[in-house]
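Student: Could you show me how to read aromatic pairs and a helix face in a model?
Tutor: Gladly; let us open the structure together.

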Amino acid sequence: MVQTGKRLASTAAERYLLIYMVAVLVIVTSLVIIFFVVFLKRKNKLLLERIEQEQAFEAEITKAQTEAQEQTLKNVGWELHDNVGQLLSFASMQLSILKMQVDEEVRGKFKDVSTALSDGLQEVRTLSRSLNNDVILNVGFEKAVTNELNRLKKMKFSTAELVTEGEKVAFRDRKHEIIIFRILQEFMSNSVKYSEAEHIRVTIKYQKNNIIIIAKDDGKGFDRKTVEKGAGLINMKSRATLINAAFELNSQPSEGVELLLDYPLS
């Protein structure tokens, strides 16, 4: 009986020891898991904060670059209007005075020069307005795009038109009108220089939650690899990112280039 009691006591002690060891192991394992989970959460939080800081920094850099570009364009617009415009006006006035002092036979020869000066003066004034943010905001986004299309039609295209669809809605921020206008201006400028297109169209689709803007020419298209290295595409993309607009630039050989902007209203 005594031996049996001793064996039972020994077995119970071993059982308690085993339970104790299992409990300790469970507690240690749980602590390790909890520590690991907390460590991963902390690590992910730090990584997320770092990514957010980098994105904020890049956004500030892009914003600063965009503002610097806009100020440069504004200054150029002023120079064109105040200096070049005044010089052309003075030349036109002097030509008119000179024309009145010559014989009727010679006077007719001044016509082409006078017309060229007047057209040049008008072009300088139109260009200076398209570079000035205040003027663009005053006339409105659609009118500014129409004016730019009309200006480029005189230079290059057989047709250059603006099409609107849906009920007009306001942009989230009026400064965004300038940014989108500059993206379109870059696209149209590239069409003039490289596309060999005859027709260009800008379509604005007003929707409930967004504004979709499509610009398309019928030129020769482009080589994707070459374009991706260009400053123009980088500039357009960075401006679109600044206002959280989706940006696509697509091209097929001999089918022209299409720009798609999806601007969210919220």
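Tutor: We start with the rings and then turn to a helix. This is a predicted model, where local features need pLDDT of at least 70, side-chain atom pairs count only at pLDDT 80 or more, and totals for chains, interfaces and linings use all residues. Residues are numbered from 1 along each chain as its sequence is written, and side-chain values use heavy atoms, with hydrogens and water left out.

Student: How many aromatic pairs does a search of the whole structure find?

Tutor: A pair of aromatic rings is described by the distance of the centres and the angle of the planes. Rings of Phe, Tyr and Trp (its six-membered ring) pair if their centres lie within 6.5 Å; planes under 30 degrees apart are stacked, over 60 edge-to-face, and the rest tilted. Here the search gives two pairs. Phe141 and Phe171 are edge-to-face, at 5.2 Å centre to centre and 65° between the planes. Phe171 and Tyr263 are tilted, at 5.2 Å and 45°. Phe171 lies in the loop between S1 and H6 and Tyr263 in strand S5 (residues 257-264), so this pair ties together parts 92 residues apart in sequence. Helices (H or I, at least four residues) and strands (E, at least two) are DSSP runs, numbered from the N terminus.

Student: Is Tyr263 buried or exposed?

Tutor: Buried means under 20% relative accessible area, exposed over 50%, partly exposed in between (1.4 Å probe, protein chains only). Tyr263, at 1%, counts as buried.

Student: Which residues of H5 are buried?

Tutor: They are Phe141, Ala144, Val145, Glu148, Leu149, Arg151 and Leu152. Seen down the axis of H5, they fall within an arc of 160° (taken from the directions from the helix axis to the C-beta atoms), so they line one face of the helix.
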